[in-house]
Amino acid sequence: VTAKASTSLTKTNTQLPSELPARVKRLSQKLTRKQTTQYGRVQALVHYLKQSDTFTYTKMDTPTTPAKRDYVDYFLFTSHRGYCDNFSTTLVVMLRSLGIPARWAHGFSGGTRGKTAGNGQYHYQILNSDAHSWAEVYFAGIGWVPFDPTPGYQNPGTKRTQTKAAAKTQQTKTSSTSRSQSATTKSSSSTRNQASTQQSSS
């Protein structure tokens, strides 16, 4: 796999405010230190936000970020309470702190399925209350892939694109390992040839 994100795309989608507290990046690094692929790092952060007991999803009593406090830092280290905007924004910032291109997306969840419209199709009712936000991560050779860190939510079509992203990053890792092993083999072969030449000369 040789495809890479363009320099301009990476630069634009990894930007962060200079005043972002350093502990946000440190936490992101700590949570992903055992991961060896981009997909693995993304999933580690999603799992932390979505599955750990640290955070609570709520629309009713989400605290307001105090003056002079960073929105993401306050959510991660103080309030631990919020709704989709808190979770999705936090994931984007944590990913960007690791140099992974990410962007914030806003739209609607799947709504409620109603009566059939025929030919296997259905009517869906989508209300204002279905408004939702999530993160999108750029994978070279694939494009933008949605990831939803909000507890209880899963965007339609996400599983298939994430499966492709996982396969692509694993393929990249395997390819890099193969190139490394090939280089090692060539180096060993060259060393043996040099040793043989020296013995013949003596």
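Biologist: Before we start, what counts as a helix or a strand here?
Modeller: Helices (H or I, at least four residues) and strands (E, at least two) are DSSP runs, numbered from the N terminus.

Biologist: Okay, and in what order do the elements run?
Modeller: Starting at the N terminus, the order is α-α-α-β-α-β-α-β-β-β-β-β-α. That comes to six helices and seven strands.

Biologist: What sort of model is this?
Modeller: It's a predicted model: local features need pLDDT of at least 70, side-chain atom pairs count only at pLDDT 80 or more, and totals for chains, interfaces and linings use all residues. Residues are numbered from 1 along each chain as its sequence is written, and side-chain values use heavy atoms, with hydrogens and water left out.

Biologist: How much of the protein is buried?
Modeller: Buried residues are 33% of the 202 residues. Buried means under 20% relative accessible area, exposed means over 50%, and partly exposed is in between (1.4 Å probe, protein chains only).

Biologist: Which residues touch the most other members of the largest nonpolar core?
Modeller: Val 42, Leu 49, Leu 76, Leu 91, Leu 95 and Phe 147 do, out of 26 residues in that core. At least two core residues come from each of α2 (22–32), α3 (38–51), α4 (71–79), α5 (84–97), β6 (131–139) and β7 (143–147). A nonpolar core is a set of buried Ala, Val, Leu, Ile, Met, Phe, Trp, Tyr and Cys residues joined through side-chain atoms within 4.5 Å.

Biologist: Why would those side chains be buried together?
Modeller: In soluble globular proteins, nonpolar side chains tend to be buried together.

Biologist: Let's switch to β6. Is β6 mostly covered or mostly open?
Modeller: Mostly covered, with eight of its nine residues buried.

Biologist: And which strands does β6 pair with?
Modeller: β6 pairs antiparallel with β3 (residues 102–108) over seven bridges, and antiparallel with β7 over five bridges. Two strands pair if DSSP finds at least two bridges between them.

Biologist: What sits between β6 and β7?
Modeller: Three residues, in a hairpin; Gly 141 in the turn has a positive phi of about 85 degrees. β4 and β5 also form a hairpin, with two residues between them, and there Asn 119 has a positive phi of about 55 degrees.

Biologist: New topic: how many salt bridges are there?
Modeller: Four, where a salt bridge is a side-chain nitrogen of Lys or Arg within 4 Å of a carboxyl oxygen of Asp or Glu. One of them joins Arg 23 and Asp 73, whose closest N and O atoms are 2.8 Å apart. Arg 23 is in helix α2 and Asp 73 in helix α4, so this pair ties together parts 50 residues apart in sequence.

Biologist: What about Arg 103 and Glu 136?
Modeller: Their side chains meet in a salt bridge, 2.7 Å from N to O. Arg 103 lies in β3 and Glu 136 in β6, so the pair ties together parts 33 residues apart in sequence. Arg 103 is partly exposed, at 33%, while Glu 136 is buried, at 16%.

Biologist: Last one: where is Arg 69?
Modeller: Arg 69 is in the loop between β1 (56–57) and α4. Leaving aside neighbours within four places in sequence, Arg 69 is in contact (heavy atoms within 4.5 Å) with Arg 23, Tyr 74 and Thr 78.
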